[in-house]
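Please look over the model below with me. My notes cover confidence and the aromatic side chains.

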Amino acid sequence: GEVSGQLRESLTQLSSVLDGRRVLRARVKEALTYPAILLAITSGVLVLMFVYILPKFDDLFAGFGAELPLSTRLLLGISDLLSSRWYIALPILLLTAAVSHRAWGMSAVARFRDELKLRIPIARQLYEEMYLFQLFLSLGLLMKSRVPLLDAIEITRGTVSHYRYQEFFSRLADQVANGQGLSRAFNETSL
């Protein structure tokens with residue numbers, strides 16, 4: 001709007017865009033709530049099993065006198081760590097959480113996170129809709145505001161955080177700069 005001199009119209013359109021994004025984000029959060037609850041319950045059950053149930057099996061297996069398979073010994077070792085040596089397990093867990101949180105923003109982890117978003121069956125369609133809605137609404141808004149096409153593509157590329165869509169809009173900008181049309185680039189993509 002500022003570039004084209006149509007700030008009022010652009011702000012009105014931006015308001016509707018932001019409202020649409022808010023609704024779409026709410027749908028994504030709603031779709032991910034149930035899996036998050038299941039993950040929390042499953043984690044709680046696993047901790048209870050490791051702390052209370054597996055130590056009882058340790059005593060039972062010790063009475064047999066036979067050598068246990070590696071996987072069983074590993075599970076019993078984790079159980080022992082969590083139940084009787086929690087003061088060692090807690091700092092390890094906190095350090096793992098801190099490192100994971102720090103790594104979450106790194107580019108390689110961000111790429112993995114982006115891929116994961118599009119592999120979760122429940123959320124895939126919602127994320128794809130959200131990204132495409134965000135991109136094409138922004139591109140349409142900029143073009144309607146008479147921003148030059150190449151500039152509009154570059155600005156739009158910065159509106160989405162998923163690397164696949166950013167890469168697509170980079171290729172799109174290159175193709176438009178080389179004189180190829182938008183339709184050819186869209187026909188060649190799998191997005």
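1. Helix H8 (residues 182-187) has the lowest mean pLDDT among the elements of the protein chain, at 72. Helix H2 (residues 70-84) has the highest, at 85. This is a predicted model. Across the protein chain the pLDDT averages 79. At least 70 is reached by 91% of the residues. Where pLDDT is low, the predicted coordinates should not be read in detail.

2. How many aromatic pairs are there? The count comes to 3. Take Tyr131 and Tyr165. Their ring centres are 5.2 Å apart and their planes stand at 40°.

3. Are the two tyrosines buried or exposed? Tyr131 has a relative accessible area of 2%, so this residue is buried. Tyr165 is at 3% and counts as buried too. The cut-off for buried is under 20%.

4. Phe168 and Phe169 form an edge-to-face aromatic pair. Centre to centre, the distance is 5.4 Å. The planes make an angle of 85°, and edge-to-face applies over 60 degrees. Both Phe168 and Phe169 are buried.

5. Phe168 and Phe169 also belong to a cluster.

Methods:
Residues numbered from 1 in each chain as written. Predicted model: local features only at pLDDT ≥ 70, side-chain atom pairs only at ≥ 80, totals over all residues. Heavy atoms only, no water. Phe/Tyr/Trp six-rings, centres within 6.5 Å; stacked < 30°, edge-to-face > 60°. Buried < 20%, exposed > 50% of the residue type's maximum accessible area, 1.4 Å probe, protein only. pLDDT = per-residue confidence, 0-100. Helix = DSSP H or I, 4+ residues; strand = E, 2+ residues; numbered from the N terminus.
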